[in-house]
Amino acid sequence: MTKEKIIGAKALIEALANENVEVIFGYPGAATIPIHDVLMDGKIRHILVRHEQGAAHAADGYARTTGKVGVCLATSGPGALNLVTGIANAYMDSVPMVAITGQVATIKLGTDAFQEADVTGVTMPIVKHNFLIKDVSEIADTVKRSFHIASTGRPGPVVIDIPLDVLFAEIEYENLDTIDIRSYHPTVIGHPRQIKRAAALINGAQKPLVCAGGGVIASGASSELKALMEIAEIPSVYTLMGKGVIPDNHRLNLGMLGMHGHARANYAAHDCDLLISIGMRFSDRSTGKTAAFAPNAKIIHIDIDPAEIGKMKKPTLPIVGDAKNILLALLNSVAAAKHDDWMKKISDWTKKHKTMPSCPNDGRIEPAEIFSALNSITGGNAIIATDVGQHQMWASQLCLVNAPRQFISSGGLGTMGFGLPAAIGAQAAFPDKDVFLIAGDGSILMNNQELMTAIEQKLPIKILLFNNGYLGMVRQWQQLFYNRRYASTDISAQPDFVMLVKSFGGEGFLVTESSKIKETIEKCMTIKDRPSLIDFHISREANVFPMIPTGGTVEDMLLQLD
């Protein structure tokens, strides 16, 4: 019996359903009308964003909080190109994503047709892989390959570009259950001899330190890492992408390291005799002057991506593989230990160097007061999304997070405008969880149109707006290194943010007194069917400390403003 033929657009949706896709974030155009038409009758939820960049960031936020592949959809030309920043953001932070773009008909490729753009060419440097489908028979195979590539090994984004005539072409469709890509087989099991050597180094160390990156979260290895730390009494620091890998209030968690990391974390990295770096890439924001980072330490570098081993810092012992598998093997070889002298030294640093924002006495709210109230209310159990800027660094330092995938932030690319759509992706994934967005008065305006998406989808995101009337991070650099010449960073000419969110249909509050912080956040917690925003007027020249200037070392760390 001949199978019923379906058009390529329906074959695409069938293939996505076969990958258990639950939600797509998208924006329609002429080249994707067939896809949207099929979506109307299917089981996959489509969330209409108000700008394609929002679609990419929402898919990113969905992926970070769920561990699943996020999916976004845009039309050809400008629609596809508007995804580029979000795709690059996901690539830099190793987030699994499949971006589907419409394209002009195959006969028009290369002719500069209306709304044509070379999407595969443009995105090639910022994806794990991309595909241009030229025949309807390729759809099932391409989707299966894309999801496999995006979610295995080191996760990352994959682009599927589909011409309009392919979406209309007919095919007898059949799902694919498995795929084998001959040239793609990531190493997931660490070399036994290297693991044995690593265990010996750990057992012999006097001042060991774990540095955990986002790769530990991606592999689902948090419990194994915690067990290793507790058995061998190894304190840990984390990169921005690793926040949440170990509960923030765990006695062995020293906090974030790097440019705006906790002082004790940076001192520990500088002074340790063994650095066990897992799923981190020694980025410049984490290490400062890389040659001087952990100068006295032997380094074990564990990563699933062999390209990262030795790229920035030559390790004493490299191990390529999945963090979870390697940590499980290490647990069988590492001896129980105590490091009393090392822990005493860390305790001394903790007592001496408290991490608090530096604030002028200008009568406005101090950022630490907001985080104190937030931590008291959530107990570290909420999902926290951040935008990019000073508020992001304060959140990474001061916000209590108990578990992996509860803290989502743009790290490698540092994309202003990431926060709101990422929070939408997180809240869409977890409608019953509390999702907070930590945003600044500069970053919130980058993608504020997505407030309409949150309203339409009835997403109760709680936005804590840190409003200082400046592009705060740039202003801080101007204050410290440019003699307070605040060129183009004063943004005190701004909308009434309370009225702005209300105009979309949300709820808004203005808070200018510290005594009102907690009760206003609690009021937002009662709003269950729409987003709410609290406009906190914080100290205008509040600064993020500690701070290691670009290319500096621990010796250059600024603990407070002189």
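Student: If buried means under 20% relative accessible area, is Met 97 buried or exposed in this model?

Tutor: Keeping in mind that this is a predicted model, Met 97 counts as buried because its relative accessibility is 0%, which falls under the 20% cut-off.

Student: Which strand does Met 97 lie in?

Tutor: Met 97 lies in strand S5, which spans residues 97-103.

Student: And how many of the residues of S5 are buried?

Tutor: Seven of the seven residues of S5 are buried, so the strand is largely enclosed by the rest of the structure.

Student: What about its two faces, which residues are on each side?

Tutor: In a regular strand the side chains alternate between the two faces of the sheet. In S5, Met 97, Ala 99, Thr 101 and Gln 103 are on one side, while Val 98, Ile 100 and Gly 102 are on the other, and both faces are covered.

Student: Which strands pair with S5?

Tutor: S4 is joined to S5 by five bridges and the two run parallel, with Cys 72 standing opposite Ala 99 in S5. S7 also pairs with S5 in the parallel sense, over seven bridges, and there Gly 102 stands opposite Ile 162 in S7.

Student: Moving to helix H7, how many residues does it have, and what span does it reach?

Tutor: H7 covers residues 139-151, which makes 13 residues, and it reaches 18 Å from its first C-alpha to its last, close to the 18 Å expected at 1.5 Å a residue. Just after H7, Gly 153 takes a positive phi of about 60 degrees.

Student: Which residues of H7 are buried, and what do they pack against?

Tutor: The buried residues are Ile 139, Ala 140, Thr 142, Val 143, Lys 144, Ser 146, Phe 147, Ile 149 and Ala 150. They pack against helices H1 and H8 and against strands S4, S5, S6 and S7, so the enclosed strand we began with, S5, is among the partners of this helix.

Student: Where do cavities come in, and which residues line the largest cavity?

Tutor: The count comes to one cavity of 30 Å³ or more, and about 30 Å³ of space lies in the largest cavity. Its lining consists of Ala 15, Asn 18, Glu 19, Ala 140, Lys 144, Tyr 173, Asn 175 and Leu 176, and H1 and H7 each supply at least two residues of that lining. By class, the lining has four nonpolar, two polar and two charged residues.

Student: How much space lies in the second largest pocket, and which residues are the closest to its centre?

Tutor: About 420 Å³ of space lies in the second largest pocket. It is lined by 22 residues, of which Asp 248, His 262, Arg 264, Thr 355 and Gln 397 are the closest to its centre.

Student: Which elements give two or more residues to that lining?

Tutor: Those elements are strand S11 (253-256), helix H12 (263-271) and helix H17 (390-398), and S11 gives the most, with three residues. The residues of this lining divide into seven nonpolar, 10 polar and five charged.

Student: New topic: what is the strand order in the six-strand open sheet, and which way is the pairing?

Tutor: The order is S16-S15-S17-S18-S20-S19, and the pairing is parallel. Strand S16 (407-408) and strand S19 (507-511) stand at the edges, and because each has a single partner strand, one side of each is left without a neighbour in the sheet.

Key: Residues numbered from 1 in each chain as written. Predicted model: local features only at pLDDT ≥ 70, side-chain atom pairs only at ≥ 80, totals over all residues. Heavy atoms only, no water. Helix = DSSP H or I, 4+ residues; strand = E, 2+ residues; numbered from the N terminus. Expected span 1.5 Å × (residues − 1). Buried < 20%, exposed > 50% of the residue type's maximum accessible area, 1.4 Å probe, protein only. Contact = heavy atoms within 4.5 Å. 1 Å grid on protein atoms, 1.4 Å probe; cavity = no way out; pocket = protein on both sides within 12 Å on 5 of 7 lines; lining within 4 Å. Points joined across faces, edges and corners; volume = space filled by probe spheres on them. Nonpolar A, V, L, I, M, F, W, Y, C, P; charged D, E, K, R; others polar. Pairing = 2+ DSSP bridges.
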